[in-house]
Amino acid sequence: TALLVGSQPALDSWWGLQFMLPRKAFVLTLQPPLAVATAPMAAVPHQMPPPRPGANPSRPVAKGLGLKTLTYRQPAAAYKDESNNGDAGLADIDVDSFAAVAQLALPATADEKYLIFMPWQNLDHQETAFKSACGAASILDRRLVLPPFGWRKVFGAEPEPEDPSEKFKFKRGARVFDTFKPSDFQWDPMERYYDEVALYSLPCKTVTMENFKMVHGKEVGKVRLNKITDFEDEVQIKQYFQNVEGLAIDGINEEDGRFFQMPGKFIHKAYKDLQDPVLAIGAMFWYMRFGPKFEFPLEKYLDYMSNDLYKQITDNLDFKEEYLVTAESALKQKGLTDFVALHLRRGEFDKKCGIMEPALKARCWPEAEDIMKPLLKLANKDTTLYISTTDPDHSDFEFLEEFFGSIYYSEDLLEGVNERNNIIEARIMDVVICSAASHFVGNLYSPLTRMVVERRDLESKPSEVF
């Protein structure tokens, strides 16, 4: 694999740039023209501008290049040219986006030290784990390998519904989920769902999984199991690292014990002297502590946005623009500009909430009276309520029709997204819509509520958690 890199100071000649990114090849023509040099990818230091300190919505990561726009030609397989048009397949891309993609694709040197981990459970759990992984990678000065994000496509021996139209609801319906099995999930690169320009601005150095394999190889050494619950085991580690990612592991290490909400200084002390090129870890859900430590079951919402590192990570986990556009279009079509959003977790929560004492169970699986308490001051017949829930049976929420002018659910707004049958996309859309609401009420025990509240915090929007 070859990388063509601009050389200095020859800035007066045209150059083309062609390289391979995961599943995409680009031929790029840049203005002003630059000279070109060719070398093996692993031997060429990549010279994109360093990440900016702090967050900035505009993210001008490539200003130092003196470029605003470049044109690339898509791979022939990506388009059909039936008119013999010489411009077929050409498209413009802003330089910030290109710089971000290149930053993700290319490690700075071939002797980088890496951190790689196993994503675990649903989108909300996976994002929570990513924040810990990015925080740890930043503290240890290791390059974080971007994990795939996955959604469960297999539910044990449960039969598929006979009616295909019920397939999506079936997979999001009320049930006790199986133990986490990576082989039961559909995995896609993180960059499919999150914006590359934003990922470039993370406080941790990053690289895509595919380019990690290409530059470093497939050897990751021993994997630290890190049993965050009684249900993590060696089978999951082997399924993910070997079967899902095609990586070679050299056994599983259980000697490090369980890391859960560990302070950054503890993580630094534990691994600062580790010379292994790859630090491979199992599940990293709440691996790192960013503020007050909590114990399960939770009794109150703990806010970590006052932690600068945590806030910067959160601020740069932007979803792809297509999801924002889809949500905006759906809301506009229904005339929703000022509405209240409510998130109620159901599904597998019947088991999780069932083991709690009555007072906490009422908050984990709220009934009508408990649901109305935080909504009373927001309810009136001129207000629209959007309900985000994993329960396809809405009979428990019908009483709310008495207090609100109209009520919408995700299937009312996102029929096109639901038809794609991608649970991650459906949950992303829920987060985006709830984040756009004038007021949000969420459930204390749902990590998805945290995803919404923190995104709203960044925009100074009010939220309430019960």
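## Overall architecture

The protein holds 16 helices and 19 strands (DSSP runs numbered from the N terminus: H or I of at least four residues for helices, E of at least two for strands). This is a predicted model, in which local features need pLDDT of at least 70 and side-chain atom pairs count only at pLDDT 80 or more, while totals for chains, interfaces and linings use all residues. Residues are numbered from 1 along each chain as its sequence is written, and side-chain values use heavy atoms, without hydrogens or water.

Of 466 residues, 52% are buried (under 20% relative accessible area; exposed is over 50%, partly exposed in between; 1.4 Å probe, protein chains only). Among contacts with a separation of 6 or more, 74% join residues 24 or more positions apart (contact: heavy atoms within 4.5 Å).

## Helix α15

Helix α15 covers residues 423–436. Its 14 residues reach 20 Å from first C-alpha to last, close to the expected 20 Å (1.5 Å times one less than the number of residues). The helix is largely enclosed by the rest of the structure, because 13 of its 14 residues are buried.

N422 caps the N-terminal end. One of its side-chain oxygens lies 2.9 Å from the backbone nitrogen of I424.

H439 sits in strand β18, residues 439–442. Its relative accessible area is 14%, which is buried. Beyond neighbours within four places in sequence, H439 contacts F339, V340, A341, L378, R456, P462, S463 and E464.

F260 lies in the loop between β13 and α7. It is buried, at 9% relative accessibility. Leaving out residues up to four places away, F260 touches F285, W286, Y287, F294 and F296. The C-alpha atoms of F260 and F285 are 7.6 Å apart, across 25 residues of chain.

## Salt bridges

The whole structure has 14 salt bridges (a side-chain nitrogen of Lys or Arg within 4 Å of a carboxyl oxygen of Asp or Glu). K205 pairs with E112, with closest N and O atoms 3.5 Å apart. This pair links distant parts of the chain, 93 residues apart. K205 is partly exposed at 27%, whereas E112 is buried at 9%.

R192 and E425 form another salt bridge, at 3.5 Å between the closest N and O atoms. R192 lies in the loop between β10 and α4, and E425 in helix α15, 233 residues away. R192 is partly exposed at 36%; E425 is buried at 3%.

How values were computed: A polar contact is a pair of N or O atoms within 3.5 Å; within protein, one must be able to donate a hydrogen and the other to accept it, and residues adjacent in sequence count only if both atoms are side-chain atoms.
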